[in-house]
Amino acid sequence: MNDTTRKKIVKWFWILIAAPIACLLLALLLVALFAKIPSFEQLEDPDSNLATLLISEDGKVINTYHIENRSYVAFEDLPPYLVEAAIATEDARFHSHSGIDFRGLARVGFKTLLLGDSSQGGGSTITQQLAKTLYPRESVESRFPGARAFKMVIIKLKEWITAVKLERNYTKDEIVTMYLNQIFFGSNAYGIKAAAATFFAKEPKDLTVEEGACLVGMVNKPTRYNPVLNPEQSLARRNHVLKQMRKYDYLTRDEYDSIVRIPIVLSYERQDHNSGLAPYFRDMLRKTMNATKPKRSSYRQEEDYRVDSLAWADDPLYGWLNKNPKPDGTSYNLDRDGLRIYTTIDSRMQQYAEEAVAEHLGGTLQKEFFRDMKYKRNRPFSNDTPQNVIEVLLRQAERWSDRYMGMKKEGFSEEEIRKSFKKPMPMRIFSWDKGYIDTLMTPEDSVKYYKSFLRSAFLAIEPNTGHVKAYVGGPDYRYFKYDNARQGKRQVGSTIKPFLYTLAMQENFTPCSKVVNIPYSFELADTVWTPKSTDKAEYIGRTVTLKWGLTHSSNNISAYLMKRFGPLSMVEMCRRMGIGSYLDPVYSLCVGSCDLNVYEMVAAYNTFPSRGVFSYPILVTRIEDNDGNVLANFSTRKKEAISENTAYLMVNLMQGVVNEGTAGSLKWKYGLQGELAGKTGTTNDQSDGWFIGYTPKLTAGIWVGAEDRQVHFESLALGGGAHMALPIWGIFMKKVYADPTIPIGVEDHFVPPMGWNMDLSCSGSDEDDMTSEATVEDYFN
């Protein structure tokens, strides 16, 4: 070989081989020196937007706060076949390379680029795919030719360097764990834990081989291989993963032949902000923890400002995110920081509460209301609603809608917006029967349609501890976001009466004390007000017991007690029992003219089975960070509201309502046994139906009504609390009693105070059984 030939070989060697390698090495060096490469701390704890978990008292994850629905799972909680499926499919030489698989790259370059065989995959190792999640593919807008390609080259080089750093500083087990926690599986599921919950309602460790293969198969193209959207393609892809597992001896021939025949069986529920247990509780808790120090200018009522100011001062959970910064001074973020919030919610009771609301509202009551609505001229409003009031309600609802606010922001005139509300368009609307209906409807008609649906609120609290066990704010969170349990306030009707009777018991009356059942009137300036009597004519003018009065919800007896003690004393009693909302000290308070929310009403009633001690409702017992370090503990705050003797007398009074009065259907219709107490409530025109009841171990209350008070049943038989609200309580308690894992049963008893020796056998239904009037002191040893 002469010198000329040798020089040509050397020249072409540098041109074809050495120069590209040198350029690549130089590029890697420049990127490593000057590009922004993640530090070891960033690699170990990347900005992965970990979801905050809401954990029930019985250990279940009931919901999350998240931007990306992602929760971390440790390597030891990953089943071996899941890891093997990922390696066999995505990176067969995972255990032999150091982050970059040059053999795989050569295969891709030759078969994919030159021969057009796309089945060979992309050539990225698992480590590279993990690194890729740190560098999202941002769009590049530039007039410079090749700008996008240049940007992609830089990103790719950064990924390679990051992959090598990962390999040098972490074990293979740690890398594959980070990978499975980081990747996106579609359907808003980030990481293997969220994916297992979304598609199979399982923890990763409980996945079967075929389920794990299905999820691994989705990594490549989450939409194309989504088993919900494309079941046939998903099955084929899953079987490809199983074939890869067989190819690399992770499955035997017999195992493969058996598993590949199994169909994909899903338990799918998209984990978005509309799904999961207790969505209303989740939103209420977020507002509570995010609360800022109250300002008087932000409140219409002085009482509401006072309640929140006391909560800011005394309740450590109220405003916790603003009161407790991180060590670096920044605030915790529920959507990103992966906190673990241990709530007082019992997942079983929460499930039963949501089912009870759906069964009664969706299965019975709404159908009855639609039938009742057929005879109304201005559906869904009652016939006596003035047209101008209807117009105000409809226009107000339109102005609160997303459509109106969006068009207003874009500069449309009022006339243009009104025209758009009268134009039919495709939309998806709520339906109890099917979940939703796709239809053609004007936005104006959709407003009327949604106003025709009855809403509900449910709250269950544990006596003595104040632990909130179940919380339902409406019929369906996806379509009805408003929280009727704590945010909404409605007229309470006769459910206020037990507080008036409590005042009487405190002042030495007993359930057997006698009152003449006649109308009682009150002078109001230039007029006289007499509460309307609801008693049967044969009872008017006769002597009845206080137990009879509460059992039959007699307005006459309530008026007598109000005349005896006065509205200021009744307001004070309500305050002592935890009612914080505005109460106008007027005589009509005795029949429930005030507006209160379910949350404070149930908490107040919980004082009775708690032996006179008011427990502030508690939502959370502990908060931990993502590593399990305890950030805060919470305990019940209590105060003595009434004496134990008074509380026990009230229990006896309210047992009469269930045993012989307006709540009797709990016994004869729903078959509930054991000791129960409670009170129904109905407001003017049947706009609101209430029932709040309790057992020795649980207090629960329900409100049912429409969004507007002008939308209601026309008859008391259908619109009373005993028909609208009480059935939800009955359905719920039947489920609770039937669950042997819940320590609440018919054998539970209300325990009398020590030394108690009072005969409370007078009846709530037959005045002939009444005893002479006596005081509490007469019955103690």
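Biologist: Is R379 buried, partly exposed or exposed, and how should I read its relative accessibility?

Modeller: This is a predicted model, and the reading rests on a scale in which buried means under 20% relative accessible area and exposed means over 50%, with partly exposed in between. R379 has 47% relative accessibility and therefore counts as partly exposed. As for its setting, R379 lies in the loop that runs between α15 (347–373) and α16 (387–400).

Biologist: Which residues gather with R379 in a patch of positive charge on the surface?

Modeller: Like charges are joined into a patch when they lie within 9 Å, provided that the residues have over 30% relative accessible area and no salt bridge. In this structure the patch of positive charge on the surface brings R379 together with K367, R371 and K374.

Biologist: Which residues make the nonpolar surface patch, and where is L229 placed?

Modeller: The nonpolar patch, with an area of about 260 Å², is made by V228, L229 and Y268. Of these residues, L229 sits in the loop between α9 (209–218) and α10 (231–247), and because its relative accessible area is 55%, L229 is classed as exposed.

Biologist: What share of the residues of the whole protein counts as buried, and what supplies its exposed area?

Modeller: The protein has 781 residues, of which 51% count as buried, while its exposed surface comes to about 36900 Å², with carbon and sulfur atoms supplying 52% of that area.

Biologist: How many helices and strands are there, and what share of the contacts joins residues at least 24 apart?

Modeller: The secondary structure comprises 29 helices and 22 strands. Among contacts between residues at least 6 apart in sequence, 69% join residues at least 24 apart.

Conventions
Residues numbered from 1 in each chain as written. Predicted model: local features only at pLDDT ≥ 70, side-chain atom pairs only at ≥ 80, totals over all residues. Heavy atoms only, no water. Patch = residues over 30% accessible without salt bridge, like charges linked within 9 Å, V, L, I, M, F, W, Y side chains within 5 Å. Areas by Shrake-Rupley, 256 points an atom, 1.4 Å probe, with all protein chains shown as cover. Salt bridge = Lys/Arg side-chain N within 4 Å of Asp/Glu carboxyl O. Lys, Arg positive; Asp, Glu negative; His and termini not counted. Charge placed at Lys NZ, Arg CZ, Asp CG, Glu CD. Helix = DSSP H or I, 4+ residues; strand = E, 2+ residues; numbered from the N terminus. Buried < 20%, exposed > 50% of the residue type's maximum accessible area, 1.4 Å probe, protein only. Contact = heavy atoms within 4.5 Å.
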